[in-house]
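Visitor: Could you pick out one part of this fold and take me through it slowly?

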Amino acid sequence: MHKHHSALGLAAALRPVEPVTLLRPHAARRAARFFVEKFPGKSLYAVKANPSPELLQILWESGVTHYDVASLGEVRLVANTLPEATLCFMHPVKAEEAIAEAYFTHGVKTFSLDTLDELEKIVRATKEATDLNLLVRLRVSSDHSKLSLAAKFGAEPMEVKALLQAARQASDALGICFHVGSQAMSPAAYADAMERVRESIVDAAVTVDIVDVGGGFPSTYPGMEPPPLETYFEVIHNTFEALPISYSAELWCEPGRALCAEYASVLVRVEKRRGAELYINDGAYGALFDAAHIGWRYPVKLLREPESDTKPMGFSFYGPTCDDLDHMAGPFELPADVQPGDYIEVGMLGAYGCAMRTGFNGFGVEDRVIVDDEPMASLYGGESREAARSNVVKL
Ligand SMILES: Cc1ncc(COP(=O)(O)O)c(C=O)c1O
């Protein structure tokens with residue numbers, strides 16, 4: 001893979017025709033070390049956030065040994081890329097064939113579930129294995145999060161007791177897990193969910209060996225600057241310590257976004273301007289799915305030298321396909337004199353953005369270049385460009 005010292009230097013030197021994904025391995029390394037060193041338990045990387053093998057390798061080298069996989073494709077990918085990694089199959093609805101292959105071919109022993117039917121499936125598919133770690137997923141609120149995960153999965157309070165008691169019979173280690181929704185903007189999300197865990201344990205009167213607080217740890221985006229991650233860790237640690245569980249019980253988490261948001265950004269070119277609308281060469285079917293569909297406002301920067309001294313204004317973007325839906329409302333703040341031929345860096349696309357790219361309409365060619373400069377914002381200190389000039393939280 002090519003390397004370049006900075007996004008700006010790359011745009012000026014290469015003037016690429018296609019969008020370029022800019023990768024910052026040092027940012028992923030920093031995030032991984034942060035979780036490995038500071039989270040008061042074990043961190044499982046949620047592979048769906050960005051399944052690139054290079055990233056998996058970086059996380060592994062930084063001390064992330066466990067991986068949350070949610071499909072057979074992810075099981076096979078991580079098993080092939082990191083043969084010594086521990087895989088945890090954390091999708092609560094799985095095909096029986098997928099469970100069997102995960103268990104017998106890839107040695108996966110950890111599975112989540114939220115119904116008695118799924119428990120029976122796991123027991124059948126593993127031929128009544130006696131070495132399973134089974135985690136019962138609770139339905140918890142997504143009230144503090146930007147992206148809800150409260151509707152689709154999770155056992156309701158009245159179902160949990162029977163489920164925990166049945167799972168206890170079938171497991172070597174029994175766990176409880178939940179997901180507070182993605183981009184949780186307050187540690188209170190975890191405190192509330194831990195209260196649900198406490199009630200469930202008391203009600204079912206079972207011994208619980210693992211408490212998995214899931215993902216949801218935020219990154220930082222315009223208009224979505226969360227408190228320091230350490231405040232989340234503190235709340236989780238304190239509420240975990242207060243649970244009626246054994247001294248040897250383990251605490252797990254499954255960060256996706258927080259481990260890889262800063263890892264990648266995308267360099268795009270402006271092909272046309274119509275007033276405050278910029279037609280760029282990546283969009284809703286590329287790395288900007290969330291910008292189009294849920295109005296996520298990623299940070300943007302005009303990469304021009306000398307820098308424009310025109311006042312900023314708000315722009316919306318159209319992507320390259322022929323589809324009206326390929327529209328990112330923003331507003332994205334850029335100097336008012338942006339014009340066709342200019343390059344823009346769209347930051348913080350390492351989580352989900354890059355993972356959701358499609359080839360629709362003949363677009364989506366992905367050139368990837370490693371750059372050494374800092375991501376546009378950071379929750380992990382370092383000399384991020386944003387932190388250097390403004391109020392980004394440093395830990
Ligand atoms: C089971 C599970 N764990 C972890 C994650 C990662 O969440 P996040 O990227 O918000 O940390 C997800 C995301 O959908 C998930 O479904």
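**Around the barrel**

Guide: UniProt's unreviewed entry puts "domain: Orn/DAP/Arg decarboxylase 2 C-terminal" at residues 268-346 (positions follow the numbering used here, the name is shortened, and the annotation may be inferred rather than shown by experiment). That span is 6% helix and 43% strand, with its end C-alpha atoms 7 Å apart. Residues are numbered from 1 along each chain as its sequence is written. Keep in mind that this is a predicted model: local features need pLDDT of at least 70, side-chain atom pairs count only at pLDDT 80 or more, and totals for chains, interfaces and linings use all residues.

Now for the barrel. Its 8 strands close up in the order β3-β4-β5-β6-β7-β9-β11-β12, with parallel pairing (pairing takes at least two DSSP bridges; strands are DSSP E runs of at least two residues, helices H or I runs of at least four, numbered from the N terminus). On average, neighbouring strands of this sheet are turned by 25° against each other, direction ignored.

Zoom in on β7 (residues 133-137) and β9 (residues 173-177): 5 bridges join them in the parallel sense, and N133 sits opposite A173 in β9. Across β6 (110-113), β7 and β9 lies helix α7 (residues 157-170), at about 175° to β7 (axes are fitted to C-alpha atoms, for helices over the stretch in contact, with angles from 0 to 180 degrees between N-to-C directions; contact means C-beta atoms, placed from the backbone, within 7 Å).

How far can you trust the model? The protein's mean pLDDT is 94, and 96% of its residues reach 70 or more (pLDDT is the predictor's per-residue confidence, from 0 to 100).

Technical notes: Contact = placed C-beta atoms within 7 Å.
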